Amino acid sequence: MGRRDEESFAEFVATRGTALLRTATLLCGAKQDAEDLLQTALERAYRHWGRLDADADPEPYVRRILVNLVISRARRWKVLKEIHMSRLPERATGSPAHAVELRGALIDELRRLGPRQRAVLVLRYWEDLSEAETARILGCSVGTVKSQASRALAKLRERLDKHAAPLGS
Amino acid sequence: MDLESELRAAMAEHTAGTTAPPSLAAAVRRRHRRRVVRIRVTVGTAAAAAAAAFVVTPAYHSMTRVDSAGVHTTPAGSPASPDRSASPPAPGLPASPPSGDRPGAGSSKRPAARPTGPAMKGDGPDGGPARIRRVGWVTYLPPGLAAEQPCVEHDERGGRTTTCRWSGPPGWVEIRVVRGTGLSGPEDLYRGDPAVPQYTSVRGVRAAVTDRPDSGRQVAWMARPGVGAVVAAGGGSVRDQLMRIAEGVRL
């Protein structure tokens, strides 16, 4: 069984870097954060790159690192916010022109979801992974993926309805 | 269009302009190298700190030991040999002088193993129980000398005396450190010896030099109240270096 080498890492990053960066952008919200996160995830994969099977696709492995990093970082930031902020931070108010765009509002609402629910939606509807694959990456059961996806979509629907009602009136 | 389809379209729209920089792989490798260097530096620093602590702690304890009379002793600096190596003598066993011929060359590099064996007991001059005891720093000994036996401590004339002895082809050296409350001057350190003293100074302190019956020569001085030292040398060329050896004794 062959092992991966340096060249295969460069090749993998060149071919899959953009797709992974887009996933990272959706997972964490901001592009700058996404680049940093992706570099961290790729560095972690690079540490063990030589031990990866040459015949297997390394992308699920990198994607799993990425998701775990996002969840860990969100958890850490939540703790920091609880320590440093005596009151909730003010949320940006979207411009009317932006608010009427359903897609822009959807992305905003996606950012406001919890990291796990956001990861479920990104993996299911952006990466088009099956429920089983999503469960494998998140390290949970298929049932959990189903329930998280259902709750996340329900939240999006509810928030969009609230958001769109005043705009529609 | 249902929500899932809208969500897909929104994600695609949101990430449409996002492309990975061409230098991403290089940036990842650079980050990995920085991490490796950081780990190595951390491990190296920790190892160096541990090694330094391992070496420094015994030296520190030897420098700031508290003797049994409760007197806290700290070796003072020496104007005669400012470049001496700051190494304590071996605990118990007198340090063998290396071949270097400069002040400070006679100190041991690190503490030797704790001495054991018959030399530890019943070795006092008056037949009393003798205990192993470290002396102050002996920063200079002439080359060619080796420790005869571990330093011994015994009670003598109302005080405690620690005696270390070295010998070799160039002669022999004996250093006695006397601790006692009844000591008032260097004359008290060699009571009973019939020789007439000549007076000089060791490290700026009045010292008495006398000839010994065994053809050796000795110098005695009070390092501080209650603590005196007697350095004796003889048997060869070592006798001429008596004062230099005495100047190198740190108490």
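Reply: The model is a predicted one, and over all chains the count of aromatic pairs comes to 3. One of these is formed by Phe9(A) and Trp49(A), whose arrangement is edge-to-face, with 5.1 Å from centre to centre and 80 degrees between the planes. Phe9(A) belongs to helix H1 (residues 6–28) of chain A, while Trp49(A) lies in the loop between helix H2 (31–47) and helix H3 (59–84) of that chain, so the pair ties together parts that are 40 residues apart in sequence.

The burial of these two residues can be considered next. Phe9(A) has a relative accessibility of 0% and therefore counts as buried, the cut-off for this term being under 20%. Trp49(A) is likewise buried, because its relative accessible area is 2%.

Trp49(A) also pairs with Phe12(A): the ring centres are 5.5 Å apart and the planes stand at 40 degrees, so this pair is tilted. The reasoning rests on the limits for the angle, since planes under 30 degrees apart count as stacked and those over 60 as edge-to-face, with the rest called tilted. Phe12(A) lies in helix H1 of chain A and Trp49(A) in the loop between H2 and H3, so this pair ties together parts that are 37 residues apart in sequence. Both Phe12(A) and Trp49(A) are buried. Taken as a group, Phe9(A), Phe12(A), Tyr46(A) and Trp49(A) form one aromatic cluster.

Aromatic rings also take part in arrangements with charged residues. In chain A, Arg124(A) lies over the face of Tyr125(A), at 5.6 Å from the ring centre. In chain B, the charged end of Arg244(B) sits over the ring of Tyr140(B), 4.3 Å from the centre of that ring.

Helix H5 (residues 102–112) of chain A packs against helix H1 (residues 3–14) of chain B at an angle of about 90 degrees, and their axes are 9 Å apart. H5(A) and H1(B) are therefore roughly perpendicular to each other. On the side of H5(A), the residues making the contact include Leu102(A), Leu106(A) and Leu110(A), and on the side of H1(B) they include Leu3(B), Leu7(B) and Met11(B). The residues of this contact divide into 9 nonpolar, 1 polar and 4 charged.

Technical notes:
Residues numbered from 1 in each chain as written. Chains lettered and ligands numbered in written order. Predicted model: local features only at pLDDT ≥ 70, side-chain atom pairs only at ≥ 80, totals over all residues. Heavy atoms only, no water. Axes fitted to C-alpha atoms, helices over the stretch in contact; angles between N-to-C directions. Helix = DSSP H or I, 4+ residues; strand = E, 2+ residues; numbered from the N terminus. Parallel < 35°, antiparallel > 145°, perpendicular 65-115°, else oblique. Contact = heavy atoms within 4.5 Å. Nonpolar A, V, L, I, M, F, W, Y, C, P; charged D, E, K, R; others polar. Phe/Tyr/Trp six-rings, centres within 6.5 Å; stacked < 30°, edge-to-face > 60°. Buried < 20%, exposed > 50% of the residue type's maximum accessible area, 1.4 Å probe, protein only. Lys NZ or Arg CZ within 6 Å of the ring centre and 35° of its normal.
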